[in-house]
Amino acid sequence: METITIKDIAKMCGVGISTVSRAINNHPDINEETKTKIMQIIKENNYIPNNSARNLKRSDSRTIAVLIKGISNPFFSSMIKIFESAIQKKKYSFVLHRVEEQEDEIDVAIELVKEKRLRGIIFLGGHFSHTAQKLEQVEVPFVLSTIGVTETIANQNFAAVAVDDFKESYKMTEYLIQSGHKKIAIISASMDDASIGKLRLEGYKKALSDNNIEYNPNLVRFMREDIETYTMKNGYEVTRDLLASKEEFTALYAISDSLAIGACRAITEAGKKIPEDYSVAGYDGLEMGNYYNPSITTIRQPVEEMAYESINMLFDLIHKKITPTSKIFKAELVVEESTRKI
């Protein structure tokens, strides 16, 4: 009979791993009814929290986990393949763990470290607004990959690999402005995204300001919370709402290519043409953007280089060859068919 895990308990209770963890550890920040239900399920299934890992030498473990938030985002596909290949070449085991939208990835990581005796972690995607104190609870080396480098991450010297999301978003917005657009809509992340979403939105705002264009909050559209983030469906639905609002705009900048492709679909369904009626721009540099008609103007991130840097950095941290630091890559503005000058 297979040993039951904390993940199994979470599924049975219909809650996240972090909630089960709080119940087990008698954390005050949990609803009493939920806690009672979880503890009853634990009792019925004879689940024993795996604290034995604390008593084992982690140096004997050879397991690396990649925790991913937004697994449906195609931007991560090639990175995951590189991680898996590099980890296996080092004779380590590879664990890919999906973190749900509502889950706290640090709480998930803490439990995985206990259960899998992890040697290291790569955090991939998601909103990352954790405090330094929260990040320090992770007891193994980790790298924040493709997560916006906020002041907390930079100032506390946590290991991170990313592009300068503020600067690259500014670059895209300024390109649209220089192409003659003054009414530029944006599809951004939710207000609680204090990392990538905030940085890309702030880059957009700063470019408007520097070019004496008044910021119009009606042109800022946030991804729907009831639809998985950074997906074509989300971009499609948000753009339909934007078009229905009758708010005037000549260009739409989506903070991911998947959102941009969904936006293009909504625009063409509305009987409009791209780029004749609306210019559309994305961010990431996904290969599928090259094959969409029209091909998508984008900010191309050096995805393979970032993936190799992330995994190499992690192994260097594990072997204590380096101290945690941030590596910022430069992205490239790629002008394709979906935008035009006016």
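Let me start with strand β8, residues 251-254, which is joined to β9 by 3 bridges, the two strands running parallel. Within that pair, Y253 stands opposite A281 of β9. Keep in mind that this is a predicted model.

Now the sheet around those strands. What is the strand order? The order is β7-β6-β8-β9, an open sheet of 4 strands with parallel pairing. At the edges are β7, residues 220-222, and β9, residues 279-281, each of which pairs on one side only. On average, neighbouring strands here are turned by 15° against each other, ignoring direction.

Next, the helices on the sheet. Helix α9, residues 196-210, packs on the sheet and touches β6 (184-188), β7 and β8. The direction of α9 makes about 170° with that of β6. Then there is helix α11, residues 257-269, lying across β6, β8 and β9. Relative to β9, α11 runs at about 160°.

Last, a pair of helices. How far apart are the axes of α4 and α13? They are 9 Å apart, and the helices pack at an angle of about 35°. For orientation, α4 covers residues 77-89 and α13 covers residues 303-318. Their crossing is right-handed. From α4, the residues in this contact are S78, M79, I82, F83, A86 and I87. They meet V303, E304, M306, A307, Y308, S310, I311 and F315 in α13. Sorted by class, the contact has 11 nonpolar, 2 polar and 1 charged residues.

Note on methods: Residues numbered from 1 in each chain as written. Predicted model: local features only at pLDDT ≥ 70, side-chain atom pairs only at ≥ 80, totals over all residues. Heavy atoms only, no water. Axes fitted to C-alpha atoms, helices over the stretch in contact; angles between N-to-C directions. Left-handed = near helix turned anticlockwise from the far one by under 90°. Contact = heavy atoms within 4.5 Å. Nonpolar A, V, L, I, M, F, W, Y, C, P; charged D, E, K, R; others polar. Pairing = 2+ DSSP bridges.
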